[in-house]
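Here's a quick briefing to read alongside the model. Have the sequence and the 3D view open as you go.

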2 protein chains.
Amino acid sequence: MPRKVDHGQRRREITAALARITVKGGLEAATFRQVAAEAGVSVNLVQYYFGSKDELLLAAQRHVAERVGRRFRAARLAVGEDAPPRDTIRAGLGVFLPRDAESRETTLLFVAFFVAALTNPTLYRPEAREVPDRLHGFLAEQIRRARAAGEVSHGVDPEREATILALLAAGLGQSILGGIHTPDAAADLVDYALARLFDPDASAASRHGPGLTNIH
Amino acid sequence: MPRKVDHGQRRREITAALARITVKGGLEAATFRQVAAEAGVSVNLVQYYFGSKDELLLAAQRHVAERVGRRFRAARLAVGEDAPPRDTIRAGLGVFLPRDAESRETTLLFVAFFVAALTNPTLYRPEAREVPDRLHGFLAEQIRRARAAGEVSHGVDPEREATILALLAAGLGQSILGGIHTPDAAADLVDYALARLFDPDASAASRHGPGLTNIH
DNA sequence: TCCTTTGCAGTACGGCCGTACTATAAAGGA
DNA sequence: TCCTTTATAGTACGGCCGTACTGCAAAGGA
């Protein structure tokens with residue numbers, strides 16, 4: 001077996017090129033030719049490593065999910081293994097609020113694939129729901145922990161609160177991309193929502209979290 | 001001026017055909033040929049009424065915004081001019097939770113255009129933000145009304161609560177399209193969120209709204 | 001050393017794309 | 001009546017698309 005090349009590495013290079021192309025131009029600009037040019041390889045090489053367009057898109061979809069997962073694990077690690085639920089939730093939600101170019105790229109790809117999956121049966125696969133499911137599960141678990149510790153009222157339903165927070169984070173991510181909210185305004189809203197959840201009887205607007213910018 | 005035809009009507013027929021094509025196949029399937037075939041006219045006629053692809057897409061974008069606006073006004077009318085804020089909000093949010101084919105189509109087009117606008121400068125226009133802005137303004141106003149009437153705590157911030165509710169509705173709409181939530185589950189979540197807002201000290205899960213299915 | 005496999009480039013093909021151009025039937029105005 | 005304008009179809013063109021096919025340099029195994 002001569003001239004051994006790390007296939008995983010090559011595939012990652014190509015899906016990364018696809019990501020860059022998609023950021024400027026959308027998924028419909030992610031053609032074999034454009035991606036190959038961006039990656040600095042021939043069109044045939046993309047075909048060689050992915051076979052068909054559908055396979056390329058599926059691989060890119062997985063690539064994005066992995067990137068979100070990695071960012072998520074990094075955020076949990078940064079906040080500490082056994083941080084209080086509120087801080088853990090804050091950190092987890094922050095993953096979906098893009099601040100730098102890399103997270104903007106990840107977020108945009110994520111929503112682009114989500115919307116594409118609505119009309120493209122090839123992209124409509126159970127794995128696509130994995131990220132939202134895991135976020136929801138994570139939030140629900142943290143809220144249950146908080147409730148057990150008496151940090152939130154017994155009236156709150158962890159499942160429903162988790163869904164609301166997950167949709168809030170996803171929506172804020174999209175809003176930031178669309179220029180409707182700044183990352184700071186989005187982080188402020190997350191803090192406000194958490195204040196309403198954890199300090200329901202306080203004047204929610206006046207005291208929320210340690211500050212604006214350390215959600216990242 | 002012979003053979004007078006209602007241009008507005010023709011344009012509406014064609015943008016409606018574009019909507020149907022987009023539902024099956026996404027915006028990238030909305031080509032002149034496909035749209036013309038769906039509308040039962042020649043390719044040239046589409047060009048005749050819209051000039052270029054960009055103009056066609058812009059017109060379709062406006063068409064969708066108008067449809068959302070019409071649904072919204074109908075919902076407000078259905079609930080009554082001076083209904084209590086909580087019911088008015090419920091009705092307004094229900095506009096974004098698709099139940100039938102027509103509202104699914106509208107919702108899908110709306111998110112498709114939103115995502116497309118993220119990477120297509122032609123579609124990134126101030127009017128695109130009009131629908132979310134109006135929803136936010138509507139919600140903030142209703143919450144202010146409720147606060148003035150003592151129906152919600154003075155601690156709530158109408159602006160931020162409005163943003164959270166708007167993002168919740170938008171996110172739930174997308175979730176329904178993606179098969180993550182059923183319309184009933186989404187309506188239940190809206191009721192839960194409203195219960196938390198209007199009855200913060202009650203056991204929120206156990207009493208929310210008049211029932212599941214009369215958000216539509 | 002030589003052969004086989006691997007990694008890659010180049011080219012070609014059929015198809016769809018947006019768009020420009022031409023033709024023409026019909027209908028109101030002169 | 002005839003002419004001009006309008007609404008429509010048809011066709012043609014250059015370009016990009018995904019994909020299949022051919023060719024070839026290089027490197028490990030025999």
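**Where the two chains meet**

The contact takes in 37 residues from chain A and 37 residues from chain B, two residues being in contact if their C-beta atoms, placed from the backbone, lie within 7 Å. Bear in mind that this is a predicted model, where local features need pLDDT of at least 70, side-chain atom pairs count only at pLDDT 80 or more, and totals for chains, interfaces and linings use all residues. Residues are numbered from 1 along each chain as its sequence is written, while chains are lettered from A and ligands numbered from 1 in the order in which they are written.

- On the side of chain A that touches chain B, the elements giving two or more residues are helix H6 (101-119), helix H8 (158-177) and helix H9 (183-198) of chain A; helices (H or I, at least four residues) are DSSP runs, numbered from the N terminus.
- H8(A) gives the largest share of that side, nine residues.
- By class, that side of chain A splits into 23 nonpolar, nine polar and five charged residues. Here Ala, Val, Leu, Ile, Met, Phe, Trp, Tyr, Cys and Pro count as nonpolar, Asp, Glu, Lys and Arg as charged, and the others, Gly among them, as polar.

**Helix pairs**

- In chain B, the axes of H8 (residues 158-177) and H9 (residues 183-198) come within 10 Å and cross at roughly 170°. Axes are lines fitted to C-alpha atoms, for helices over the stretch in contact, and angles run from 0 to 180 degrees between N-to-C directions.
- That makes H8(B) roughly antiparallel to H9(B) (over 145 degrees; under 35 is roughly parallel, 65 to 115 roughly perpendicular and the rest oblique).
- Among the residues meeting there are Leu165(B), Leu168(B) and Leu172(B) in H8(B) and Ala186(B), Leu189(B) and Ala193(B) in H9(B).
- Over in chain A, H1 (residues 7-23) and H4 (residues 53-79) pack at an angle of about 85°, with their axes 10 Å apart, so H1(A) is roughly perpendicular to H4(A).
- Arg11(A), Thr15(A), Leu18(A) and Ala19(A) of H1(A) make that contact with Leu56(A), Ala59(A), Ala60(A) and His63(A) of H4(A).

**H1 and H4 of chain B**

- Buried residues of H1(B) include Ile14(B), Leu18(B) and Ile21(B) (buried means 20 or more other C-beta atoms within 10 Å of a residue's own, exposed 12 or fewer, partly exposed in between).
- The cover over H1(B)'s buried residues includes H2, H3, H4 and H6 of chain B.
- After H1(B) comes Gly25(B), with a positive phi near 120°.
- In H4(B), Leu56(B), Leu57(B), Ala60(B), Gln61(B), Val64(B) and Val68(B) are buried, and the buried residues pack against H1, H3, H6 and H7 of chain B.
- Gly80(B) follows H4(B), its phi positive and near 100°.

**A buried loop residue**

- Leu123(B) sits in the loop between H6 and H7 (130-148) of chain B.
- Leu123(B) is buried, with 21 other C-beta atoms within 10 Å.
- Leaving aside residues up to four places away in sequence, Leu123(B) touches Leu57(B), Gln61(B), Phe113(B), Ala116(B), Ala117(B) and Ala128(B).
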